[in-house]
Amino acid sequence: MKIIVGLGNPGPQYARNRHNIGFQVLDILAERHGISLARAKFNALFGLGSIMQSRAPERDRQAREGMSGQKVVLLRPLTFMNRSGASVAPVASFYGVEPRDIFVIYDELDLPSGKLRLRPFGGSGGHNGMKSIIQMLGTDRFPRARVGIGRPHTPMSPADYVLQNFSVDEETTFETLRPRIADAAETWLFHGIDLAMNRFNSEAAPAP
């Protein structure tokens with residue numbers, strides 16, 4: 001069993017915010033693989049399912065025969081961002097999942113908007129959701145996808161900026177980027193973080 005966590009804030013008013021890129025990518029993975037995020041427990045909505053190594057078998061039942069999948073929990077914390085660890089740690093403990101098998105998707109102010117950077121471990125970089133997860137897991141040794149949202153170009157506080165929706169130009173970029181992040185998570189599932197980093201860190205961000 002592995003866990004893919006998408007970070008964000010619960011509630012429709014936050015759904016398209018920059019801070020909710022993790023939720024947005026998790027929805028893509030859930031739809032691709034027919035996993036319903038309907039289980040409500042551990043201050044989270046989550047779903048259990050199996051992700052196939054190739055998405056082609058999903059469109060062809062006969063081709064699916066004999067294909068093995070990776071069991072996965074898709075996890076959306078409902079704690080609000082700053083307490084994300086209070087959801088992630090109990091789910092990991094319940095299913096007996098080690099930190100190295102938890103992949104976290106979140107927004108990153110210190111990367112240019114539209115830039116994707118995967119890492120095998122590391123500190124929080126000031127991100128409160130990651131800070132909470134590191135504290136509750138007792139380690140930073142878990143892989144993650146840092147999704148660049150850039151910093152505001154106006155005298156706006158970072159707290160206000162992350163809670164804004166993507167601009168029209170940004171949305172054009174992120175419409176292409178979100179599926180790539182989902183692809184990166186799938187690559188990590190089957191091939192590990194090193195190959196995922198080699199493949200996706202070297203790719204240029206989609207042009208707006």
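# Exercises on a predicted model

Of the 208 residues of the protein, 50% count as buried (under 20% relative accessible area with a 1.4 Å probe, protein chains only; exposed is over 50%, partly exposed in between). The model is predicted, with local features needing pLDDT of at least 70 and side-chain atom pairs pLDDT 80 or more, while totals for chains, interfaces and linings use all residues. Residues are numbered from 1 along each chain as its sequence is written, and side-chain values use heavy atoms, without hydrogens and water.

**Exercise 1.** State how many helices and strands the protein has, and give their order.

Solution. Take helices as DSSP runs of H or I with at least four residues and strands as runs of E with at least two, numbered from the N terminus. The count is 6 helices and 7 strands. Along the sequence they are arranged as β-α-β-β-α-β-α-β-β-α-β-α-α.

**Exercise 2.** Locate N82 and N128 and list their contacts outside four places in sequence.

Solution. N82 sits in the loop joining β4 (69-77) to α3 (85-95). N128 belongs to helix α4 (residues 128-137). With contact meaning heavy atoms within 4.5 Å, N82 touches N128 and S132, neighbours within four places left aside. On the same terms, N128 is in contact with M81 and N82.

**Exercise 3.** Is N128 buried, partly exposed or exposed?

Solution. The relative accessibility of N128 is 36%, so N128 counts as partly exposed.
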